[in-house]
Amino acid sequence: MTKSLADRIALVTGASRGIGFATAKALARAGAHIVAVARTQGGLEELDDEIQKDGGTATLVPLNLTDSDGIARLGAGLHERYGKLDILVGNAGVLGPSSPIGHIELKTFNDVMAVNVSANFQLIRCMEPLLRQSDAGRAVFITSGAANKATAYVSPYAASKAALETLARAWAQETANTQLRVNLFNPGPIRTRMRATLMPGEDPATLDTPEQVAEFIVPMCAPGWTETGKFYDYKTRSLMSFRSPA
């Protein structure tokens, strides 16, 4: 495989399993050094083993993304060690409860927003200066069709993804005249633990794998990617622009 991302530094959140795990591996195969962030030490170590088997390198960062000070320390550490960041993949997310809105406790709602929205807000704040030091900074956030469908019974998740999309789009507009490109990626139904939790009766063999999805995320992280403020829909294999409601 061509090392199209050689000498580039890629931060991937939620890297211990699922799409984050697969994306970190794919970016490493393309030559990037991976800064892998997740709560689960064991999952990070498994990722490191897989990356090393492919001849890649990784730095493991066990971190709960609700620790905003921890994200700030990570940004400071990356500045001290590398002086830049080339790629940010904001993948970490939680599903939250599957219940009618009236049955959901406020704390539970806030817990979902803390991981899916506030953590990404803090990542943007702390990583933007590093991404601007790159000759081609790239940020990709993993979203969901639940955001625009306003899917019933997963309202905290749907609301959080809608908020994430708006946050990323605003950031894309703010940085449109820089070398930084900011985009969203919607994987759709994929063979992950989160999907199995939401749809326990579904046959996972009917779904694409995180590894298949990751191959479409990698190009969005490359210096040659020029689009910003866009939405890539994996199911239809199409890059979309956001439009106001008709």
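Start by selecting Tyr 153, in the loop between H5 and H6. Helices (H or I, at least four residues) and strands (E, at least two) are DSSP runs, numbered from the N terminus. The model is predicted: local features need pLDDT of at least 70, side-chain atom pairs count only at pLDDT 80 or more, and totals for chains, interfaces and linings use all residues. Residues are numbered from 1 along each chain as its sequence is written, and side-chain values use heavy atoms, with hydrogens and water left out.

**Stop 1**

Tyr 153 counts as exposed, at 53% relative accessibility. Here buried means under 20% relative accessible area, exposed over 50%, and partly exposed in between (1.4 Å probe, protein chains only).

Now pick Ala 150. This residue sits in the loop between helix H5 (146-149) and H6. Ala 150 also has a positive phi, about 50°, although it is not a glycine. With 59% relative accessibility, Ala 150 counts as exposed.

**Stop 2: H4 against H6**

Select helix H4 (106-132) and helix H6 (residues 155-174). The two pack at an angle of about 15°, with their axes 9 Å apart. That makes H4 roughly parallel to H6. Axes are lines fitted to C-alpha atoms, for helices over the stretch in contact, and angles run from 0 to 180 degrees between N-to-C directions. Angles under 35 degrees count as roughly parallel, over 145 as roughly antiparallel, 65 to 115 as roughly perpendicular and the rest as oblique.

The crossing of H4 and H6 is right-handed. A crossing is right-handed if the near helix is turned clockwise from the far one by less than a right angle, and left-handed if anticlockwise.

Show side chains next. On H4, the contact residues include Phe 109, Val 112, Met 113, Phe 121, Ile 124 and Leu 131. On H6, they include Tyr 157, Ser 160, Leu 164, Leu 167 and Trp 171. Contact means heavy atoms within 4.5 Å. By class, this contact of H4 with H6 has 13 nonpolar, 3 polar and 3 charged residues. Ala, Val, Leu, Ile, Met, Phe, Trp, Tyr, Cys and Pro count as nonpolar, Asp, Glu, Lys and Arg as charged, and the others, Gly among them, as polar.

Leaving out residues up to four places away in sequence, Ser 160 touches Val 112, Met 113, Asn 116 and Val 117.

**Stop 3: Leu 95**

Go to the loop between E4 and H4 and select Leu 95. Leu 95 is buried, with a relative accessible area of 10%.

**Stop 4: H1 and its two partners**

Select helix H1 (18-29) and helix H8 (210-217). Their axes come within 8 Å and cross at roughly 50°. H1 and H8 are therefore oblique to each other. Their crossing is right-handed. In H1, Gly 18, Ile 19, Ala 22, Thr 23, Ala 26 and Arg 29 meet Pro 210, Glu 211, Val 213, Ala 214, Glu 215 and Ile 217 in H8. Those residues divide into 7 nonpolar, 2 polar and 3 charged.

H1 and H2 pack at an angle of about 30°, with their axes 10 Å apart. The two are therefore roughly parallel. The crossing of H1 and H2 is right-handed. Phe 21, Ala 24, Lys 25 and Ala 28 in H1 meet Gly 43, Glu 46, Leu 47, Glu 50 and Ile 51 in H2. This contact has 5 nonpolar, 1 polar and 3 charged residues.

**Stop 5: the nonpolar cores**

A nonpolar core is a set of buried Ala, Val, Leu, Ile, Met, Phe, Trp, Tyr and Cys residues joined through side-chain atoms within 4.5 Å. Which members of the largest core touch the most other members? Select Leu 5, Leu 27, Ile 34, Phe 185 and Ile 217, out of 35 residues. H1 gives the largest share, 7 residues.

Finish on Leu 5. Its contacts include Leu 27, Ile 87, Val 218 and Cys 221, not counting residues up to four places away in sequence. Apart from this core lies another, of 30 residues, among them Val 35, Leu 63, Leu 74 and Leu 78.
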